[in-house]
Amino acid sequence: MSKVKSLISAFKERWDAFYSSWPEPVKKATVPGLLVFFFLASIFFPKLGIINLYWQQVLIYVGINIILTLSLNLVNGYMGEFSVGHAGFMAVGAYVSSILTVWVFPKLGLSQYIPYLFPLALIIGGLTAGLTGLIIAFPSFRTRGDYLAIVTLSWNMIVKSVLENIEAIGGPRGFMGMPKLTSLAWVYVWVIITIWLIRNLVYSNYGRGALSIREDEIAASLVSVDTRTVKIVTFVIASFFAGIAGGLFAHVLVFINPRAFSILKSTDILVMVYLGGIGSIGGSILGATVYTVLLELLRPLQVWRWVIGPLLLVFLMIFRPHGIMGMREWKFLVPPEERAESWRKERELFVLPKLASAKTNPLNPEK
Amino acid sequence: MPILKIRGLTHYFGGLRAVYDFNLDLEEGELIGIIGPNGAGKTTVFNLITGVYRPTAGEIIFNGHNLVGKRPEQIISLGIARTFQTLRLFKNLTVLDNVRIARFSRLKYSPVEAMFKIGRRVKESERETRLKCMELLEIMGLADKADWIASGLPYGLQKRLEIARALASEPRLLLLDEPAAGMNPAEISELMELIQWIRREFGLTIILIEHQMKVVMGICERIKVLDFGETIAEGPPAEIQNNPRVIEAYLGEEAAV
């Protein structure tokens, strides 16, 4: 284990040295350049047959899982609450967006525009999921502690049985007839949007509020954090993105049934969150990718691979409770103004000159 | 008009009487001390003022607002800040974040604005907050450690960080709960100077709970002594030191040693 660690740190050192030798404009263009490159790749690689259909499918699942993991990480990782029914919100998004593309849009005579209306269907699905999130959040955050886990667990079960009992949308047989609208490019775009929005939120007042709730809820409220609002806002936003992921999921499978959104699915998302690391965007990306690809590679084990997931969670909790990247972040995911070197620069430029008058302070007598 | 007026404040934990008929008139700019043996109800008074507990009876008027029944974050937003007897920093967060969180109620942008970073409002107010908090850290001698994780700071600096966090919300009334606990004599002298300095510099009214007699007697203008939840004496330090009831209840233990 320590060998791996030293290898990683040696690699990091080399990389840092190499990176700092780049000219400034190249550095600035790296992230946007890569984003554009991957976007073009996600459009043209499938068309040119560079990625076969199977790996396209896997990558699409990776993307959907990144959205799910990142959104659950908001609640469980950043805010430190314990929500275990994320698949319930995914189901809401999946069914609502499917109903829109299968029934509502054609009925409105918009059949030929459906591919363009897909984002709208997803967003409406997400908003509906967010609304259900709001309904759950109101009562469950009135109390403290583990109630959220119990409430979300039952929420997940309720969603599943309600869907199983509505004959109009197929009941237990499931709902089908969606056009296959989810392409690699769409998933890529949504993943980037999700990462960007959640990153902005996390590095804002609300993100800091959520973090303070994780650290010490009473102290948070005693330094003016409106804990109730922060909890509800965070939970609703997490549900919204789960709904988006559900919509994408429905339109890649072109067939959904209630069993796909059972507790097992929620557990998968939990495993990805804790594998990647709580309170980390990079960790969520890593966790979702590693877990999804791992399960694909373990396909030859058949049913036994479902043993691997829970087992992984158990070992993880014992040996690395914070996950791969727990509470750490890849630097390129941190907004420029939130990096330590920018703080130092601001201190030198704006704070120190202004504070020449603070000499009288008993803590800095020599200054 | 007093900035803080407390009348008949009483609190029971089940059958246990923690605070009984506590009265206080605090003028703007005053620095008063609350002392008393362990379990006398000192911290409970702070918890009642800041809304952690709801008093069984009595009223607390701060600056014209009745605080009874308000939630802690509402009370803090009115201009009260406090530190804790045992450090309650956000341990896994950076030093700067610890301080910035205390300005939560002053940042008014919505979550949607935060996510889309629309317009100037988010960026400007964030920048302003960052600079203000960095200034505060500079004053407290913590600015070079702004990106440290709070739990990585030595104990003395963690104590200072807690005071910085309390000041960040720009309070008018500061409640300090045993700021000198665990400090050596040199650090205590520094702390005493610091308290008097921030009081002048930030125009604060301060209530201080302290076991270190040196601190209380040294800087407080007025002292209240609690024992079993009841106020047994009140007055300037010299008077308190010679009050027979106080000596019996509290200082007496020390005199006997």
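1. A polar contact is a pair of N or O atoms within 3.5 Å; within protein, one must be able to donate a hydrogen and the other to accept it, and residues adjacent in sequence count only if both atoms are side-chain atoms. In the present case, the backbone oxygen of Ala102(B) lies 3.5 Å from a polar atom of the Ser224(A) side chain.

2. On provenance: this is a predicted model, in which local features need pLDDT of at least 70 and side-chain atom pairs count only at pLDDT 80 or more, while totals for chains, interfaces and linings use all residues. Residues are numbered from 1 along each chain as its sequence is written, chains are lettered from A and ligands numbered from 1 in the order in which they are written, and side-chain values use heavy atoms, with hydrogens and water left out.

3. Ser224(A) is placed in the loop between helix 9 (217–221) and helix 10 (227–253) of chain A; helices (H or I, at least four residues) and strands (E, at least two) are DSSP runs numbered from the N terminus. Ser224(A) counts as buried because its relative accessibility is 2% (buried is under 20% relative accessible area, exposed over 50%, partly exposed in between; 1.4 Å probe, protein chains only). Beyond four places in sequence, Ser224(A) touches residues of chain B including Glu73(B), Ile76(B), Ile101(B) and Phe104(B) (contact means heavy atoms within 4.5 Å).

4. Across the interface, 52 residues of chain A are in contact with 50 residues of chain B. The two chains bury about 4,700 Å² between them, 63% of it on carbon and sulfur atoms (buried area is the accessible area, 1.4 Å probe, lost by two parts on being put together, summed over both). On the chain B side, Phe104(B), Met115(B) and Glu138(B) lose the most area to chain A, together 17% of what that side buries.

5. Val52(B) occupies the loop between helix 1 (42–49) and strand 4 (57–62) of chain B. With a relative accessible area of 29%, Val52(B) is partly exposed. Apart from neighbours within four places in sequence, its contacts are Leu222(A), Asn47(B), Pro72(B) and Arg82(B).

6. A search of the whole structure finds one cavity of 30 Å³ or more. On a 1 Å grid over the protein atoms alone, a cavity is a set of points where a 1.4 Å probe fits but cannot get out, and lining residues have an atom within 4 Å of a point. Grid points are joined across faces, edges and corners, and a volume is the space filled by probe spheres set on the points. The largest cavity has a volume of about 60 Å³. Helix 6 of chain B gives the largest share of its lining, three residues.

How values were computed
On a 1 Å grid over the protein atoms alone, a cavity is a set of points where a 1.4 Å probe fits but cannot get out, and a pocket is an open set with protein on both sides within 12 Å along at least five of seven lines; lining residues have an atom within 4 Å of a point.
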